[in-house]
Amino acid sequence: MLVDRRRLLAGLAAVPVIRSTPARARSDEAGPAGAALEAAFATHAPVGLAGAIIGREGVSWASARGLRSFGDAAPVTTADSWHLGSNTKAMTAAVFARLVRQGRARWTMPVGEAFPGIEIDAGWASATLDDFMHHRAGLTDAAVMGREWLMTARQDPRSLAEQRAAIAARALAAPPPGTPGQFAYGNANYVLVGAAIERIAGEAWEEAMRRELFGPLGLSSAGFGAPRGDNPRGHRGAGAERTPMPAEHPGADNPAALGPAGTVHMNLADYGRFLGAMMGARPDWLDGDALARLTTPPAGDPPAYACGWGVRRQPWGGVSGPGPVLGHDGSNTMWHCSVQLAPERGVAAVAVANEGAAGRSACQDLVQRLIGTALSA
């Protein structure tokens, strides 16, 4: 599972407003942000932990603590790449928005239009790709990507696009297993959206990501699966039993077909560029209307979930009062990432760790501390 569904929005706890000015660039390790990182690292003791404060122009402060691999001496650095888990979902949705901008797709696109020529049960007649991006279409993971799939998918000889097309076809051939219109978080929703992107773009989701997101935003460290080369390792287990997972090991990440729901990795500077763009820094990439569509939840019962973002209105979220705060957590159980951003305010914080258990609590704690630091600067 890429993220604990019950804790999806846990990182969006209220943070007291101290001042209305976002943090300025600084590198002092003894300053408030450095102290916040030290405190979170000491309290939760993950293998490695890094954090960043981000403005529309990108990272304004970043630092790291701990080790790349448990039992080794090499330290993590701010240049390292980190697995983002389910925070990939917002990127998949952004790529779809790019296709809309190009006139190749449209918002509220019916699944029958996105998947011509396949059998679609009448229960999906009113379902649109927006519904899947909002986790409100009625699709559940257990119906198409249960334990058996997770155990066998890595051995599937078909291309990743073919595997995703098969998941979408299997899902749509049967009635919705959940309740359409009711929020039910699930990775299968974004695998189906990824399959739709592949049909629309005529290329694998990975290539569409490179063409529409990594390339235009200059995310040179971005890739898929566990980071390889001179980077941290993800870790299984907890405490003294933590075991580093070599990036080339088949179990170092979820099956690659699950990519649109959560397999992207990159360094903090590149993730900061993406978050800055989501706060309006790159209208040439996505304009205000597209960003509003991606970050505004549909009307209905809580939780408020947009396209890859949990959304809450917070006292500190606006320039002169309450405003929307976007947040999301991601994990493949061997890494963890937590992020919060206030688009109106132009400030964000991100925390990443190379283990799941202690990493979750460390990242959620650090993000809250860094937001407080950014607001008080």
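The side chains of Glu-38 and Arg-65 form a salt bridge, with N and O 2.7 Å apart. Glu-38 belongs to helix α1 (residues 32–44) and Arg-65 to strand β2 (residues 58–66), so the bridge ties together parts that lie 27 residues apart in sequence. A salt bridge here is a side-chain nitrogen of Lys or Arg within 4 Å of a carboxyl oxygen of Asp or Glu. Helices (H or I, at least four residues) and strands (E, at least two) are DSSP runs, numbered from the N terminus.

The model is predicted: local features need pLDDT of at least 70, side-chain atom pairs count only at pLDDT 80 or more, and totals for chains, interfaces and linings use all residues. Residues are numbered from 1 along each chain as its sequence is written, and side-chain values use heavy atoms, with hydrogens and water left out.

Glu-38 is partly exposed, at 38% relative accessible area. Arg-65 is buried, at 14%. Buried means under 20% relative accessible area, exposed over 50%, and partly exposed in between (1.4 Å probe, protein chains only).

The whole structure holds 15 salt bridges. Another of them joins the side chains of Asp-230 and Arg-68, at 2.3 Å from N to O. Asp-230 sits in the loop between β4 (223–224) and β5 (234–236), and Arg-68 in the loop between β2 and β3 (81–83), so this pair ties together parts 162 residues apart in sequence. Asp-230 is exposed, with a relative accessibility of 60%. Arg-68 is buried, at 13%.

Asp-284 pairs with Arg-282 in a salt bridge, with the closest N and O atoms 2.8 Å apart. Both residues are partly exposed: Asp-284 has a relative accessible area of 47%, and Arg-282 one of 25%. Elsewhere, salt bridges with shared partners link Arg-68, Asp-80 and Asp-230 into one network.

Helix packing was examined next. Two packed helices are described by the angle between their axes and the distance between the axes. Axes are lines fitted to C-alpha atoms, for helices over the stretch in contact, and angles run from 0 to 180 degrees between N-to-C directions.

The axes of α1 and helix α13 (residues 357–376) come within 9 Å and cross at roughly 160°. This makes α1 roughly antiparallel to α13. Angles under 35 degrees count as roughly parallel, over 145 as roughly antiparallel, 65 to 115 as roughly perpendicular and the rest as oblique. The α1–α13 crossing is right-handed. A crossing is left-handed if the near helix is turned anticlockwise from the far one by less than a right angle, and right-handed if clockwise.

Contact means heavy atoms within 4.5 Å. On the α1 side, the contact residues include Ala-36, Leu-37 and Ala-40; on the α13 side, they include Ala-362, Leu-366 and Arg-369. By class, this contact has 10 nonpolar, four polar and two charged residues. Ala, Val, Leu, Ile, Met, Phe, Trp, Tyr, Cys and Pro count as nonpolar, Asp, Glu, Lys and Arg as charged, and the others, Gly among them, as polar.

Helix α2 (residues 88–101) and helix α8 (residues 187–201) have axes that come within 10 Å and cross at roughly 30°. The two helices are therefore roughly parallel. Their crossing is left-handed. Among the contact residues are Val-95, Phe-96 and Leu-99 of α2, and Tyr-190, Val-193 and Ile-197 of α8. This contact has eight nonpolar, two polar and one charged residues.
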